[in-house]
Amino acid sequence: MAPPQTQRPPSTTGSVKNAMTMTEKILARASQKSRLQPGENVWVDVDVLMTHDVCGPGTIGIFKREFGQDAKVWDREKIIIIPDHYIFTSDERANRNVDILRDFCMEQKIKYFYDIKDLSNFKVNPDYKGVCHVALAQEGHCRPGEVLLGTDSHTCNAGAFGQFATGIGNTDAGFVMGAGKLLLKVPPTLRFIMEGEMPSYLLAKDLILQIIGEISVAGATYRSMEFVGSTVESLSMEERMTLCNMVIEAGGKNGVVPVDETTFKYLETPLSYEPLYSDEQAKFLQEYRFDVSKLEPVVAKPHSPENRALARECKDVKIDRVYIGSCTGGKTEDFMAAAKLFLAAGKKVKMPTYLVPATQKVWMDVYSLPVPGSGGKTCSQIFEEAGCDTPASPSCAACLGGPRDTYARMNEPQVCVSTTNRNFPGRMGHKEGQIYLASPYTAAASALTGFVTDPREFLE
């Protein structure tokens, strides 16, 4: 695939003399520099720090060790703490992690702590949200032009809002918690130009699996991935999140999508923000072009996100289960897509089909929003008619295995088609389990047949 030539839209900021990419501009502004170039190390002011129940206790421990037991965080309104990973479990250590977060947030008067106390019924916990990356977007913490750091590799999800968002380790997060800044190296940028009308049987998950299959899981190591083109412009915010969410599976430092009217319509935050855009003369390390109209549904076979294959090429792969959920594939539109396919097929699933809404809001949408063309039926009604499992309590659940009693965890060496983001050995539980990463369309189609299935069998 030859690097393409394309006409880029003019920038609204910056000069020809100091042409920069969007990522370079965001980091320049956050470091009070007039210009930055890839490879420079700069102290960056952080707008938002996010942590959760898995990495939060470690981050808090490092903060207290380095800044003092009685130290105060740098800004109690810029630290977002979201329990989401190991929540609905009887595991005492997992439960203890949430207790540590709660004690710290009370001590520090953290404004945005999305707590859960009653594990028997998530709905009686008004503050509880669910999966951190989707909750950050829904609660207005993702804002164009800002710097968002989180103790989770999929923090890059927020790049869909035209901001610099990346995952950091507990040590770095402990430092940010006390200082509000971090030393970062400016990444070079790869630009992915996606043109053409999106076929009705494709979703953003197909696009990012296509890209990872093209460049490999190391193809964007410590590089920014910028997504542009008419196809990207046509995507909803949730689909843009799916694109940016999995840049880490290509080794990327961050992913970004330019801000446009779609972004503005999604944002309901009263806080001001200033979007930044790549200059027309900005230097990109490499550019890739895709004609999306010619792409087909794809999967990533075990045991790597780069192990791309066409869904139709895997039609003989017998499966044991289907999982629809996670920060990548558990958003409202992901469930709408699965429901749309079930509705079109009019059949019942042949495999156990687990549904895990990412957040409380998504769970409510699954039970309340009518699916277009269904005569007013909701996703939950369509899922019930299709024979799926009842939608579970919102959390990360089995995406990363977790304690043995985690909902839908793979405790046996089974074959699973999943809308999640990683398929390494043991990722969803059992070390001999086999995970096929796929879009919600492909996952739903596979649930109906018991084999990896191209969704065009039901959508065309």
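How far is the sulfur of Cys244 from the closest cysteine sulfur, and in which residue does that sulfur lie? I looked this up before anything else. The distance is 7.5 Å and the partner sulfur is in Cys156, which is too far for a bond.

**Entry: cysteines**

I am working from a predicted model. The cut-off for a disulfide is a sulfur pair within 2.5 Å. I noted a count of zero disulfides by that rule. Cys156 is buried, with a relative accessible area of 1%. Cys244 is also buried, at 0%.

**Entry: confidence**

I looked up how far the model can be read. The average pLDDT of the protein is 95, and 96% of the residues score at least 70. I marked residues 1-15, where pLDDT stays under 50. The model gives that stretch 38 contacts beyond four places in sequence.

**Entry: the five-stranded sheet**

I traced an open sheet of five strands in the order β4-β3-β2-β5-β6, with parallel pairing. The edges are β4 (112-113) and β6, each with a single partner strand, so one side of each has no neighbour in the sheet.

I went through the pairings from the β4 end. Strand β3 (residues 79-82) pairs with β4 over two bridges, in the parallel sense. Ile81 has Phe113 of β4 as its bridge partner. Strand β2 (residues 48-52) pairs with β5 over three bridges, also parallel. There, Met50 stands opposite Gly150 in β5. Val147 stands opposite Phe164 in β6.

Are the faces of β5 buried or exposed? I found both faces of β5 (residues 147-150) covered. Val147 and Leu149 are buried on one side, and Leu148 and Gly150 are buried on the other.

**Entry: the four-stranded sheet**

I traced another open sheet, of four strands, in the order β10-β9-β8-β11, with parallel pairing. Its edges are β10 (254-256) and β11 (286-291); each has a single partner strand, so one side of each lacks a neighbour in the sheet. From one strand to the next the twist averages 20°. I checked the pairing of strand β8 (residues 189-195) with β11 and found six bridges, running parallel. Leu190 has Gln286 of β11 as its bridge partner.

**Entry: strand β14**

Why is strand β14 (residues 321-325) described as largely enclosed by the rest of the structure? Five of its five residues are buried, so the description holds. I looked at the two faces separately. Arg321, Tyr323 and Gly325 are buried on one side, and Val322 and Ile324 are buried on the other.

β14 runs parallel to strand β16 (residues 415-418), with three bridges between them. Arg321 has Cys416 of β16 as its bridge partner. β14 also runs parallel to strand β15 (residues 353-356), with four bridges. Val322 has Thr353 of β15 as its partner.

**Entry: Arg240**

I placed Arg240 in helix α8 (residues 237-245). Arg240 is buried, with a relative accessible area of 0%. I looked for what its side chain meets. A polar atom of the Arg240 side chain lies 3.4 Å from the backbone oxygen of Val232. Leaving aside residues up to four places away in sequence, Arg240 touches Ala160, Val232, Glu233, Leu235, Val257, Pro258, Asp260, Thr262 and Thr263.

**Entry: Pro394**

Where does Pro394 lie? I found Pro394 in the loop between α13 (379-386) and β16. At 0% relative accessibility, Pro394 counts as buried. Residues that Pro394 touches, beyond four places in sequence, include Phe88, Phe122, Tyr128, Lys129 and Gly130. Pro357, Ala358, Thr359, Gln360 and Trp363 are also among them. I also looked up Gly330, which is 64 residues from Pro394 along the chain. The C-alpha atoms of Pro394 and Gly330 are separated by 9.1 Å.

Methods
Residues are numbered from 1 along each chain as its sequence is written. This is a predicted model: local features need pLDDT of at least 70, side-chain atom pairs count only at pLDDT 80 or more; totals for chains, interfaces and linings use all residues. Side-chain values use heavy atoms; hydrogens and water are left out. Buried means under 20% relative accessible area, exposed over 50%, partly exposed in between (1.4 Å probe, protein chains only). pLDDT is the predictor's confidence in each residue, from 0 to 100. Contact means heavy atoms within 4.5 Å. Two strands pair if DSSP finds at least two bridges between them. A polar contact is a pair of N or O atoms within 3.5 Å; within protein, one must be able to donate a hydrogen and the other to accept it, and residues adjacent in sequence count only if both atoms are side-chain atoms. Axes are lines fitted to C-alpha atoms, for helices over the stretch in contact, and angles run from 0 to 180 degrees between N-to-C directions.
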